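Please work through the exercises below with the sequence and the model at hand. Each task is followed by a worked solution.

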Amino acid sequence: IMNSSYALRRFRFLEGQIGEYGQFIHNLKNYQKEGKNKNDDAPDAVTGFALFVQSMLPKLQKQF
């Protein structure tokens with residue numbers, strides 16, 4: 001929840017996909033903040049990636 005605004009502003013997701021990516025998007029879109037969720041792997045993965053990107057930005061900016 002804390003990184004959702006960063007992810008929504010910075011990341012782009014493809015719609016209408018099939019296979020594993022389609023399942024990932026389905027799980028991400030259907031995650032509920034409150035209530036029961038079958039799993040939270042998709043939101044956790046996006047959060048982890050958002051944290052990784054934010055931690056790498058200062059290092060990348062120093063190189064350029």
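The exercises that follow concern a predicted model.

**Exercise 1.** Identify the residues of the largest nonpolar core and the elements that give two or more residues to this core.

*Solution.*
1. The core has six residues, namely Tyr 6, Ala 7, Phe 11, Val 46, Ala 50 and Val 53.
2. Two or more residues come from each of α1 (4–10) and α3 (41–63).
3. The most is given by α3, with three residues.
4. As a check on one member, Ala 50 is in contact with Asn 3, Tyr 6 and Phe 11, leaving aside neighbours within four places in sequence.

**Exercise 2.** Describe the largest pocket by its volume and by the residues of its lining.

*Solution.*
1. The volume is about 550 Å³.
2. The lining has 20 residues, of which Ser 4, Ala 7, Leu 28, Pro 43 and Val 46 are the closest to the centre of the pocket.
3. Elements that give two or more residues to this lining are α1, α2 (19–29) and α3; the largest share, five residues, comes from α3.
4. By class, the lining divides into 11 nonpolar, four polar and five charged residues.

**Exercise 3.** Locate the salt bridge found in the whole structure, and determine which parts the pair ties together.

*Solution.*
1. The search finds one salt bridge.
2. The side chains that meet are those of Glu 15 and Lys 29, at 3.2 Å from N to O.
3. Because Glu 15 lies in the loop between α1 and α2 while Lys 29 lies in helix α2, the pair ties together parts that are 14 residues apart in sequence.
4. Glu 15 is exposed, with a relative accessible area of 57%, and Lys 29 is exposed as well, at 55%.

Key
Residues are numbered from 1 along each chain as its sequence is written. This is a predicted model: local features need pLDDT of at least 70, side-chain atom pairs count only at pLDDT 80 or more; totals for chains, interfaces and linings use all residues. Side-chain values use heavy atoms; hydrogens and water are left out. A nonpolar core is a set of buried Ala, Val, Leu, Ile, Met, Phe, Trp, Tyr and Cys residues joined through side-chain atoms within 4.5 Å. Buried means under 20% relative accessible area, exposed over 50%, partly exposed in between (1.4 Å probe, protein chains only). Helices (H or I, at least four residues) and strands (E, at least two) are DSSP runs, numbered from the N terminus. Contact means heavy atoms within 4.5 Å. On a 1 Å grid over the protein atoms alone, a cavity is a set of points where a 1.4 Å probe fits but cannot get out, and a pocket is an open set with protein on both sides within 12 Å along at least five of seven lines; lining residues have an atom within 4 Å of a point. Grid points are joined across faces, edges and corners, and a volume is the space filled by probe spheres set on the points. Ala, Val, Leu, Ile, Met, Phe, Trp, Tyr, Cys and Pro count as nonpolar, Asp, Glu, Lys and Arg as charged, and the others, Gly among them, as polar. A salt bridge is a side-chain nitrogen of Lys or Arg within 4 Å of a carboxyl oxygen of Asp or Glu.
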